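Me: I would like to learn how to read charged pairs in a model like this one. Could you take me through the general idea and then the case at hand?

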Amino acid sequence: MNKAFYLETFGCQMNVVDSEQIVALLNDIGYSQVDSAEQADLVLLNTCSVRDKAERKVYGHLGRFKPIKDKRPELIIGVGGCVAQQEGEKMLEKVPYLNLVFGTHNIHCLPELVQQAEQSRQRGCETDFQDRETRLNLFPERTFQETVTRFVTVMQGCDNFCSYCIVPHVRGREISRPSQEIIAEVQGLVAQGAREITLLGQNVNSYNMKDDEDVSFAQLLRQVNAIDGLQRLRFATSHPKDLTDELIDCFGSLDKLCKHIHLPFQSGSDRILKLMNRGYTRDEYLDKVERLKKVCPDVRLTTDVIVGFPGENEDDFQATLDLVEQVGYADAFTFLYSPRVETAAAKMVDDQSAMQKQQRFDRLLKLQQQTSATIWQADAGQELSVLVEGESRQGDGQMFGRTTWNRIVNFSGSIELIGQIVTVRITKVFRNSHLGELV
Ligand code: SAH
Ligand code: SF4
Ligand code: F3S
């Protein structure tokens, strides 16, 4: 009775963690994971709807499975994640060969949906949001993995309703997990071999801001930092408005906390930030960055930026370029604004042409590429600490790991080094990774 499933995951780290839970649940009902849809009895997509392109991809991918289903009608095809949450029953209508749809609060329904499809070919859809208590009880039992780096969800959902963003609509309201559970989970993962933990949340640093009975996010970091056997600690993604002084100070005091923060600013223009409903001004953002750099002079920042928000004019865009120049991000994810259903920005007047937007996007990208190159080039010749994660994809005795700044480093070494922090001299700087040699 050995059945096989194939799973593809899109979108952010939330989906990556959800997929780990999906794997665990499917293993429990006798399915093991395979790496091609052709071999599978069950095919699942865990989807993202943050931009239109991501959403369209889902339908494109489903189309790829159609010929397989034509040949093997008993194949079960399912969609979960944010597109599933948003579209619900409509997906079953649009895609006649789709068997099941499950939303972001319904991963626990998956075994039942699959069994229904197996037994009666019944098509199922579960996308109801769950209340806080239910969600807190549904926190993952995940698969055992002997990997050096693991994610741990500390909060889920988002209450911020930035005017462009679909996430609050598809992930529901913010909830924070009890700190004792998080600590216990980290201890468990470290016992399984994890050496680096990334605490995860849509706005991870908003942890417990709605509820002051439990610890603050900074206190949580201090508790995780104290766990024996853990070597490194990261967290993502941070919302600038909730970046407290207490949290900034952690970058100066916690030995395991990596010197990297992903701090999306979205726009450098106060007018646009207000229209975006971001809850901070340009100066407030820059103030926090300055304090971070003071507490931890070698901290490196990465960010997200949106170009082409409705009504963003040349002055607004120039303010974004200036901010990028002033902060000096090691990397930036730059996005062209994409209107999303149900969001406030989708109804705003947009008088800028697609060509203008694209030209601005290209200017920003060029500036960022130059900045990134300068920052990463500075690592050449340096001896850096690298936490070794595994063998490189290139093979031939190449290992890879990351620096404190989350930069991938490839170097010649042996598998015994996995899980250790080693010193590597950087010999060559590529666009997305470093090459080095063991010291
Ligand atoms: N919670 C995080 C972001 C999650 S979404 C935060 O607030 O920083 C990841 C990124 O996608 C956002 O930072 C934003 O830059 C981008 N994004 C979200 N909605 C978008 C849209 N409608 N169009 C273009 N980019 C978008
Ligand atoms: Fe979206 Fe804003 Fe929430 Fe981030 S904070 S997930 S951008 S609504
Ligand atoms: Fe995408 Fe959903 Fe994450 S929309 S970015 S997968 S929360």
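Reply: Let us begin with accessibility: a residue is called buried under 20% relative accessible area, exposed over 50%, and partly exposed in between. In this predicted model, Glu437 has a relative accessible area of 41% and is therefore partly exposed, and Arg425, with 29%, falls into that class as well.

Me: What do the side chains of Glu437 and Arg425 form where they meet?

Reply: Side chains of opposite charge can pair when their charged atoms come close. Here the side chains of Glu437 and Arg425 form a salt bridge, with 3.2 Å from N to O. Because Glu437 lies in strand β19 (residues 433–438) and Arg425 in strand β18 (residues 421–429), the pair ties together parts that are twelve residues apart in sequence.

Me: Which residue forms a salt bridge with Arg363?

Reply: The partner of Arg363 is Glu314, and their closest N and O atoms are 2.9 Å apart. This pair links distant parts of the chain, with Arg363 in helix α14 and Glu314 in helix α13 (residues 314–327), 49 residues apart. Arg363 is partly exposed at 35% relative accessibility, and Glu314 is partly exposed at 32%.

Me: How many salt bridges are there in the whole structure, and how many between domain 3 and domain 4?

Reply: A search of the whole structure finds 29 salt bridges, whereas the count between domain 3 and domain 4 is zero.

Note on methods
Residues numbered from 1 in each chain as written. Chains lettered and ligands numbered in written order. Predicted model: local features only at pLDDT ≥ 70, side-chain atom pairs only at ≥ 80, totals over all residues. Heavy atoms only, no water. Salt bridge = Lys/Arg side-chain N within 4 Å of Asp/Glu carboxyl O. Helix = DSSP H or I, 4+ residues; strand = E, 2+ residues; numbered from the N terminus. Buried < 20%, exposed > 50% of the residue type's maximum accessible area, 1.4 Å probe, protein only.
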